[in-house]
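Thanks, everyone. Let me put the structure up, and then I'll walk through it piece by piece.

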Amino acid sequence: MSKTKLPLSPYYRSLTLNMTVAIIVVSFIPVFLVGSTIYYNFYASYREKVYAHLEELVEKHRQQIDAFLVDKLADIRFLSRNLGYANLSDEAFLQSTLASLQRNYRPVFVDLGVVNGAGQQVAYAGPFKLTEAVYTETDWFQQAMNKEYVISDVFLGLRRLPHFIIAVKNTINGEPWILRATIDFVAFNDLVENIRVGETGFAYILNRRGEFQTKPLIDFVPSEGCYGHFFDCEKELNDGVTIAEREDDDGKENIYVTALLKDKDWLLVYRQESADAFSDLRRAQFISVVIFIVGGVSIIIMASMLSIRQVGRIKEADRAKELMNEQVIETGKLASIGELAAGIAHEINNPVAIMVEEAGWIQDLLEEEDFARSENLDEFERALKQINTQGKRCKEITHKLLSFARKTDARLQEFSINDLIEEVVSLSEQRAKYAKVIITPQLDASLPSIQASPSEMQQVFLNLINNAVDAMERQGGEIVVASRREKNQLVIEVRDTGPGIPPANIDRIFDPFYTTKPVGKGTGLGLSICYGIIKKMGGDISVDSTMDEGTTFVIKIPVREEHVG
Amino acid sequence: MPNSVKLLLVDDEVGFVDVLSKRLSKRNMVVTAAYSGTEAIQTLRKQDFDVAVLDLKLEDMDGIEILKIFKKLVPTMPVIMLTGHGSEQAAREGVASGAFDYLTKPSDLEDLVAKIMQAVKREK
């Protein structure tokens, strides 16, 4: 069988494709389901964890900031109530009060001031020269006059620095007065600035107008919408912590965690880029995608390799089956031809016998005197003899044909190998003659008989001789069939002067279905049948070939001791 | 020869039987031809023969069958089987069943005559 790889026919190609697709689908579905389930669960729980963490963080800070504001307000209210307008409007006393506050709270309180009902600051303690300042027009003053106390938004005010004010209203003799304290922006800002998570997470506070109440870590304009003007969508913001993810104008996905502060006046906003908040998740996602791709690619490679190999095997098996079928058909054909030939041979014997006998009868009659002096007597006799001889020749031919057509009989018989070889040689001679091949037996006459199946042995030598004739069909040549004895075995060599067997093929020539003959000419079974027969007898068959010189098959058959001598 | 050999020749090939009868008669034998198994058996019932030459394949009966009947009717009469090569096995079987010998067709007349004489001599 030629080893060159032929391109696959469409049938095998589609078989390969179907197998590959089936393996890929079957492998991918569970991988995909398991992968996506695990990923979804991991994603959900991780997200929940991140959210919970951020909510807790914001809630804690909200409480902290609220507590800070409440504390500071309580301090000022305490001062206002307990020290009274008389004391506090004395600037020296106010100074010492501020000093004692600053001692207790570090520089949270920047200054203190007492403002009368008309908005005129009557006493001031602090680093700025604001003693005579008038606050009539300011928001906080107006609010403080209506309410008991007020905590203002952050503003620049007269001092041109961001700050905010806690103002507490009291009355003396029916006249309202206000004690106001400025809270240091830096100290307040620290409370919020401390909230830092990851690389992009930071917090800030907005008032109802969407203005910063703290200095954000990054300079940016608060986006429009709920967090810019949370006022507009207050309904969405409940008392607790709200968490939402949305895309900003710059196209980045951000997490916003918000909580209302200061009687819902302020909004504490924590902002972090989603990518940053979920960076671990993203990494896990990346790794799983990489694993999925690598796994997928290897599944595809494996699937296609597997199917190519399997289809190769199927193809080989199909081919073997096809050859087997061919062989079966061939055998059947041969068998019927054999039967036909046997029938014809048998039938021919009768007319030939009659012809020979009739010739004999003429001969008998010729011996009678009437013809004795005939000039042509010799010719007649010669012709009759010829008829007789040719009749016998016919008999021999039918004899050979019949002995060959007899069914292969595996029964053991004792026979002379030399006789069998001669029989096979004479059978093959006719064909060999057409191929200009001469068959020469070189037989050792002293060989003992062997115990074997004659028809099987006949098949072995027929195969070898036919192969040799086939090999030399083009240029002609010589076949020598030699027998001899070596110790306890008979050695029979079939040597030809053909082109030889290429070294690449020589290891495979006894393999079933291995043939170098054109398609339809050989089944690749001949030599493997020979091999099987000889091995079954406990013998050995080997081959030796030289390119352009010839090939020798050597058969060794053991001789049983009782036949020796 | 003072006593000519009485021979029963059984074969369904008419041409063969006729020419063989003539040739054997010429060699001082009295040949009675039978062209079928039944005819042969009937003839044998009526007449005695020194020897029978029997084809192995007849249209109506199998040669071996006829041989067995011959042996029952006249156990002492030798029977020579004639056969085409293909039924050599059957001929050997015939020898095993009591035939004197067998010859394959076409055979030399001299061989046949020799076999017949051999059979007759052994019988006598």
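Start with one loop residue. Asp548(A) counts as exposed, because it has 8 C-beta neighbours inside 10 Å. The cut-offs: a residue is buried if 20 or more other C-beta atoms lie within 10 Å of its own, exposed if 12 or fewer, and partly exposed in between, with C-beta atoms placed from the backbone. Asp548(A) sits in the loop between β16 (540–546) and β17 (550–558) of chain A.

A word on the model. It is predicted, so local features need pLDDT of at least 70 and side-chain atom pairs count only at pLDDT 80 or more, while totals for chains, interfaces and linings use all residues. Residues are numbered from 1 along each chain as its sequence is written, and chains are lettered from A and ligands numbered from 1 in the order in which they are written.

Back to Asp548(A). Its phi is near 65°, a positive value in a residue other than glycine. Most residues other than glycine have a negative phi. Lys436(A) is also not a glycine, and has a positive phi of about 55°. Lys436(A) lies in the loop between α8 (417–434) and β12 (437–443) of chain A. Buried or exposed, or in between: which class does Lys436(A) fall in? Partly exposed, because Lys436(A) has 14 C-beta neighbours inside 10 Å.

Now chain A as a whole. It has 11 helices and 17 strands. Of its 565 residues, 26% are buried. Take its contacts with a separation of 6 or more: residues 24 or more positions apart account for 62% of them. A contact means that two C-beta atoms, placed from the backbone, lie within 7 Å.

Next, the sheet. What is the strand order in the open sheet of five strands? It is β6-β7-β10-β9-β8 in chain A, with antiparallel pairing. The edge strands are β6 (196–197) and β8 (241–247) of chain A, each pairing on one side only. Pairing requires at least two bridges between two strands in DSSP. β6(A) and β7(A), residues 201–206, are joined antiparallel over two bridges. Val197(A) has Gly201(A) of β7(A) as its bridge partner. Helix α1 of chain A, residues 10–88, packs on this sheet and touches β6, β7, β8, β9 (253–261) and β10 (266–273) of chain A. The direction of α1(A) makes about 35° with that of β9(A). Axes are lines fitted to C-alpha atoms, for helices over the stretch in contact, and angles run from 0 to 180 degrees between N-to-C directions.

Stay on helix α1 of chain A for Thr16(A), which lies in it. Thr16(A) counts as buried, because it has 21 C-beta neighbours inside 10 Å. Beyond four places away in sequence, Thr16(A) touches Leu8(A), Ser307(A), Ile308(A) and Val311(A). Thr16(A) and Gln310(A) are 294 residues apart in sequence, yet 8.3 Å apart in space, C-alpha to C-alpha.

A hairpin next. β1 (109–116) and β2 (121–125) of chain A run antiparallel, joined by four bridges. Val114(A) has Ala123(A) in β2(A) as its bridge partner. Four residues separate the two strands, and Gly119(A) in the turn has a positive phi of about 90°.

Then a helix pair. α9 (454–471) and α11 (526–536) of chain A pack at an angle of about 145°, with axes 9 Å apart. Residues in the contact include Val460(A) and Leu464(A) of α9(A), and Ile529(A) and Ile533(A) of α11(A).

Finally, chain B. It has five helices and five strands, running β-α-β-α-β-α-β-α-β-α from the N terminus. Of its 124 residues, 43% count as buried. How many residues of chain B are in contact with chain A? There are 14, in contact with 19 residues of chain A. Helix α1 of chain B, residues 14–26, gives the most to that side, with seven residues. Buried residues in α1(B) include Phe16(B), Leu20(B) and Leu24(B). After α1(B) comes Asn28(B), with a positive phi near 65°.
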